[in-house]
Amino acid sequence: MKLTNENYFSIEADREYFSVSQFKSWVKCQAATLAKISGEFEESYGKALVVGSYTHAAFESDEEFERFNKENQSEIFNARGGKYADFKQADLMIETLKNDKFAMYAMEGEKELIFTAELFGVKWKAKIDSINHSRNSFTDLKTTRSLSQRYWSDKYQKYVSFIEAWDYVLQMAIYREIIYQNTGIYYSPYIVAVTKEDPPDKAVLHFDDTRFQFELDYVEHLIEGFKQVKSGEKEPTRCGKCAYCRETKQLDGTIEVEELLV
Ligand SMILES: [Zn+2]
């Protein structure tokens, strides 16, 4: 299957390829992920996905931003022609970055390019926010609550920043390998982060190279199991907590009070 902007996010593409977001979904709940790529279950993201795409479109090009606004008019604009609160907040974040020369410099490059590669015996797809072939670098745009917020991480067994908490280091490590397979060069990843605070905070983040091997080992350790579930060789495990698991839950007995917190 040849990936294009039209089919990149399709179920067919998700069946044939792994992606970082799909990998994160497998880690969270195998049963829900399998149901999603079988078309049996659709996850509800509310407005978050549209707001995210809106913000990305603003940095892609003026034409793309205009097209996106037209296409999603009813979700962005209220009856009086004003924007809904989520999009007003997004405008504030967009403006903050557009007024910062260094942030704009970091985002210079070709936008939303699709790459594929084989890693750990499976096919992967990636859409890179911004890639700069003359600097051998790529950049991803992230919005977050606050730059310094701490989150407990079971994966790292310590308090971490939003970057580790949302597996953005893993994302950068995988993208770096995918780009390497296509260009023969390891590109340097950057994240341009902007917060949902008023006024928004911002930062351009680079990554110490020593962070990547841990993430690649982590993916390698888990991918074989996910591959087997995806191909139907193995039954998926249920997380028991997500929307899909709650929706499809059938009780067959009682649980002791202690089990509620397991
Ligand atoms: Zn689940």
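Ala117 stands opposite Trp124 in S2. The structure is a predicted model, in which local features need pLDDT of at least 70, side-chain atom pairs count only at pLDDT 80 or more, and totals for chains, interfaces and linings use all residues. Residues are numbered from 1 along each chain as its sequence is written, and side-chain values use heavy atoms, with hydrogens and water left out. Helices (H or I, at least four residues) and strands (E, at least two) are DSSP runs, numbered from the N terminus.

Strand S1 (residues 110–119) pairs with S2 in the antiparallel sense over nine bridges. Two strands count as paired if DSSP finds at least two bridges between them. The S1–S2 hairpin has two residues between its strands. Phe120 in this hairpin takes a positive phi near 55 degrees. Strand S2 (residues 122–132) is mostly covered, with 10 of its 11 residues buried. Buried means under 20% relative accessible area, exposed over 50%, and partly exposed in between (1.4 Å probe, protein chains only).

S2 also pairs with strand S3 (residues 137–144), again in the antiparallel sense, over three bridges. Ile131 stands opposite Phe138 in S3. Asn132 faces Ser137 of S3 as its opposite residue. The S2–S3 hairpin has four residues between the strands. In its turn, Asn136 has a positive phi of about 50 degrees.

These strands belong to an open sheet of five strands, ordered S1-S2-S3-S6-S7, with mixed pairing. S1 and S7 stand at the edges with a single partner strand each, so one side of each is left without a neighbour in the sheet. Neighbouring strands are turned by 40 degrees against each other on average, direction ignored. Axes are lines fitted to C-alpha atoms, for helices over the stretch in contact, and angles run from 0 to 180 degrees between N-to-C directions. Helix H10 (residues 168–183) lies across S1, S2, S3 and S6. H10 runs at about 80 degrees to S1.

Helix H7 covers residues 85–98. Its 14 residues should span 20 Å at 1.5 Å a residue, and its end C-alpha atoms are 20 Å apart, which agrees. The expected span is 1.5 Å times one less than the number of residues. Phe87, Ala90, Met93, Ile94, Thr96 and Leu97 of H7 are buried. Their cover includes helices H4 (48–60), H6 (73–76) and H8 (101–106). It also includes S3, strand S6 (188–195) and strand S7 (202–206). Contact here means heavy atoms within 4.5 Å.
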